Amino acid sequence: MKTDEAIRILDPETSAAALYGLGHDEAVALVEDACRLAVAALKDPPVKHAHWIEHDDGYQTCSNCGEEHCWEDYRASYCDVCGAKMDEEIGEKEED
Ligand SMILES: [Zn+2]
């Protein structure tokens, strides 16, 4: 099962449509699969990786969300807005 299907099955806004017309056993099996994915994601959340983009005017922006800071020597190891871990090697991701 893919993530978007699990979300459709577990989201109260879409679950009725996602499960409509299925037999009891089939619906229960799908909900169980979706719950397994959700629990795995809660136990081990995906980590976003980014880096601070250095600008000539002395500002740094998060490569993931664009949050801007103006630090002299300090560089945070995490973005305080999106939570990205600042351990991305430059070149892994396209620069904007
Ligand atoms: Zn960020």
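This passage describes the fold of a single chain and the surroundings of selected residues. The model is predicted; local features require pLDDT of at least 70, side-chain atom pairs count only at pLDDT 80 or more, and totals for chains, interfaces and linings use all residues. Residues are numbered from 1 along each chain as its sequence is written.

The chain contains 3 helices and 3 strands, where helices (H or I, at least four residues) and strands (E, at least two) are DSSP runs numbered from the N terminus. Read from the N terminus, the order of elements is α-α-α-β-β-β. The C-alpha trace spans about 60 × 20 × 20 Å along its principal axes. The radius of gyration of the chain is 20 Å, whereas a compact globule of 96 residues would have a value near 12 Å; the radius is taken over C-alpha atoms, and the globule rule is 2.2 Å times the number of residues to the power 0.38. Of the 96 residues, 10% count as buried. A residue is buried if 20 or more other C-beta atoms lie within 10 Å of its own, exposed if 12 or fewer, and partly exposed in between, with C-beta atoms placed from the backbone.

Two domains are assigned, domain 1 (3-43) and domain 2 (47-89), with bounds from an automatic or database domain assignment. Their C-alpha centres lie 36 Å apart. Of the contacts between residues at least 6 apart in sequence, 36% join residues at least 24 apart; a contact requires C-beta atoms, placed from the backbone, to lie within 7 Å.

The 3 strands form an open antiparallel sheet in the order S1-S2-S3, two strands being paired if DSSP finds at least two bridges between them. Strand S1 (52-54) and S3 each have a single partner strand and stand at the edges, so one side of each lacks a neighbour in the sheet. Strand S2 (residues 60-62) runs antiparallel to S3 and is joined to S3 by 2 bridges. Thr61 has Glu68 in S3 as its bridge partner.

His49 lies in the loop between helix H3 (24-43) and S1. This residue is partly exposed because 15 other C-beta atoms lie within 10 Å. Leaving aside residues up to four places away in sequence, His49 touches Ala84, Lys85, Asp87 and Glu88. The C-alpha atoms of His49 and Glu89 are 8.9 Å apart, although 40 residues separate the two along the chain.

Ile90 is located in the segment after strand S3 (68-69). Ile90 counts as exposed because it has 11 C-beta neighbours inside 10 Å. A C-alpha separation of 9.7 Å is found between Ile90 and Ser63, which are 27 residues apart along the chain.

Note on methods
Two residues are in contact if their C-beta atoms, placed from the backbone, lie within 7 Å.
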